[in-house]
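Hi,

Here is the structure I promised to pass on.

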Amino acid sequence: MAWRELGKKRICMNFTRALIAKPFRHVTGSSFASTFAAQSVYASAKCMTDIISQSSQGVAGFGSETKECGIRCFHSSSQVWARSDGPLGLKTPKRGKYVKRVGRNQPPVEAPYVCPNVTAKKYNPDKTIEIFEGMTLVELAKRTGKSVSSLQNILSDFGEKVESEFELLTVDIAELAAMEAGINVKRLHSTEGAEILPRSAVVTVMGHVDHGKTSLLDALRQTSVAAREAGGITQHLGAFVVVMPSGASITFLDTPGHAAFSAMRARGAAVTDIVVLVVAADDGVMPQTLEAMSHAKAANVPIVVAINKCDKPGANPEKVKLQLASEGLLLEEMGGDVQVVEVSATEKIGLDNLEEALLLQADMMDLKARVDGPAQAYVVEARLDKGRGPLVTTIVKAGTLVCGQHVVVGSQWGRIRAIKDMAGRLTQQATPAMPVEIEGLRGLPMAGDDVIVVHSEERARMLSSGRQRKCEENRLRNKMIQDKPSTSDDSTEVPRRVEMPVIVKADVQGTVQAVTDALKTLNSAQVLVNVVHVGVGPLSQSDVDLAQACGACIVGFNVKSPPTALSQAANRASIKIILHRVIYHLLEDIGNLIIEKAPGTCETQVAGQAEVLDIFEIKGSKSKGPDVKIAGCRVIDGFVTRSATMRLLRSGEVVFEGHCTSLKREKQDVDTVKKGNECGLVISNWYDFQIGDVIQCLEQVVKKPKFIKSESGAVRIEC
């Protein structure tokens, strides 16, 4: 044993010398370092001593833990790893019993997909900001409520580099950034440094249908437009320049008076300076007269009243004045500021007084406009010509519209190829208050859009694409709102509703809107008029294909009759084509078609009544059956049918309802007995007849909706 102890001491000494030979030379000056090194070496040596002693003794639990000088030494013994006497000890997981997994080869369970709660992008379609030429990025950020960095990112996507937040922006770039941020814009045009000159007045003629608006314009300009109108009524919005006898020129807008053209009257009031309200002296104030007054008040436009047809025997201008005053129109004769002129379009009476009133009103308004600079124009009407393409009738509000400029009209763009005045003469430019027709657009804009002049084709493309994208987003958003299911109680019975798809084609864009709006007013609880497609121009094969795909009928207004091949293709596909040139004839035909398509509602009605005069009883037997009581009756109203349900009334109260099992007249079985005849009838499971009872014959009737047309021209479907 002595040589074993000696061997252990020598190993420890050699190990200690090897540890303290080099590692701590660079910290020999530090007492802490030397002490730490000595303690570490001592602990390691002690551990080595334990290792050697345990290995020499053959102890199975190889490895131990030594706690000397605050240092813990861990060894690779399984006993040390399993110990847990301190917070720093490590635990080995216990090996559990092996369990075979069940269902490893089974298919995965299909769990329902749960949509994540994604925060939707904030969008405020009602917010509109005003933009102008030369505004800074900081000003645009304040108005839109967006950060400067986000607007810079938007502009960089369009290829516009804005280095400083105080850099001046063009009005086109500001509109692009605002539209991308989801905000509507309104352009403000500055007149600073521009030439301001007097301009002609824009006068809109409004009033009820058949009160003589177009005839009055014909008398002023010595033409006969009213005679060329289909049905004798105006169905388009026309613009004319009339040189008055005094030498002054006035731009007139003629609006339709039918109830279906409310949007046209609103457009006319929006672009006009003065409204001439035409009222027939023999008819008085009518619904469209009141509507024209409301449009003029909404646009804050002064009104001049022209009482027409004063030459007729039944004319009563004083009654018309009282009606207008009762509707809140302050006439000059009653202390107000609204001028009233009595005229006659057919006899050309009072036209000079009307001219004087209009020029006086224009002088009081001191109408002026900017002449130089980019033009501001307003779309009055738009149509599609087969040879010239999209044609847009506009009225210039300010600036000068020059041929060759790039323009953006609504969501469409193009380069002005030609400018024509209302007489059809080519001109190179259009000045304020001048109605012109321009061509060169890539697509057909909507009536009521603004015409904006831009500097380049690239800028026009960018503005057009941005507006088209925004219009599509608005359309999809409105469709989602309409298709959103209601939160009403599902237990309530919803009436059956049939959808009637319609394709609308018309000659001009304004008429398309008017016909579409009029068809939507024919919606009812039983039939939904769904306008699946609208277009301007004649009928084409694509319209027939679309109608065949969706089962729609084609409505053509003021368009040419389709070719024979197209009509035959529509007949083979069982597609109905309705062509009209007068709006109320079109609405009447569509209304009748809706009534035919409506499923109707089942109602129980009394078809006839019979009074019990006597009671007969037939004894039954084994061969004949049980006893039978027969009511001898006389039909006092309508008719009695054997297949109908009978209702027994006694002293005005319902006693019983049942089916008629037998109906005879003069011992003969009959199906129907009419008023004034006598009969005998048997009601199933009822034997208590009394003289004086009333028996009603009930029948189920399918009630169709009604097409109602008012005096003002408005139509509706009443269920």
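Below is what turned up, going from a sheet and its helices to a helix pair and then to the salt bridges. Keep in mind throughout that this is a predicted model.

**The sheet and its helices**

Let's start with the open sheet of 6 strands, which runs in the order β9-β10-β8-β11-β12-β13 and has mixed pairing. Its edges are β9 (238–243) and β13 (339–342), each of which pairs on one side only. On average, neighbouring strands in this sheet are turned by 25° against each other, ignoring direction.

Two helices to look at here are α7 and α11. Helix α7 (residues 213–221) lies across β8, β9, β10, β11 (274–280) and β12 (303–308), and it runs at about 155° to β10. Helix α11 (residues 351–365) also packs on the sheet, where it touches β8, β10, β11, β12 and β13. The direction of α11 makes about 160° with that of β13.

**A helix pair**

Next, how do α4 and α5 pack, and at what angle? Helix α4 (residues 137–144) meets helix α5 (residues 148–157) at about 110°, and their axes are 9 Å apart. The two are therefore roughly perpendicular to each other, since angles of 65 to 115 degrees count as such. On the α4 side the contact involves L137, L140, A141 and T144, while α5 brings V148, L151, Q152 and L155. By type, the residues of this contact split into 6 nonpolar, 2 polar and no charged.

**Salt bridges**

Searching the whole structure gives 22 salt bridges.

E139 is partly exposed at 27% relative accessibility, and R143 is partly exposed with a relative accessible area of 27%.

Then there is R388 with E439, whose side chains meet at 3.0 Å, N to O. R388 sits in the loop between β15 (376–385) and β16 (389–398) and E439 in strand β22 (residues 435–441), so this pair ties together parts that lie 51 residues apart in sequence. R388 counts as partly exposed at 24% relative accessibility, whereas E439 counts as buried at 10%. Both belong to a network of salt bridges that links R383, D385, R388, R417, E437 and E439.

Finally, R650 and D693 meet through their side chains in a salt bridge of 2.9 Å, N to O. R650 is in strand β30 (residues 645–650) and D693 is in the loop between β34 (678–683) and β35 (694–703), so the bridge connects parts 43 residues apart in sequence.

Cheers

Technical notes: Residues numbered from 1 in each chain as written. Predicted model: local features only at pLDDT ≥ 70, side-chain atom pairs only at ≥ 80, totals over all residues. Heavy atoms only, no water. Pairing = 2+ DSSP bridges. Helix = DSSP H or I, 4+ residues; strand = E, 2+ residues; numbered from the N terminus. Axes fitted to C-alpha atoms, helices over the stretch in contact; angles between N-to-C directions. Contact = heavy atoms within 4.5 Å. Parallel < 35°, antiparallel > 145°, perpendicular 65-115°, else oblique. Nonpolar A, V, L, I, M, F, W, Y, C, P; charged D, E, K, R; others polar. Salt bridge = Lys/Arg side-chain N within 4 Å of Asp/Glu carboxyl O. Buried < 20%, exposed > 50% of the residue type's maximum accessible area, 1.4 Å probe, protein only.
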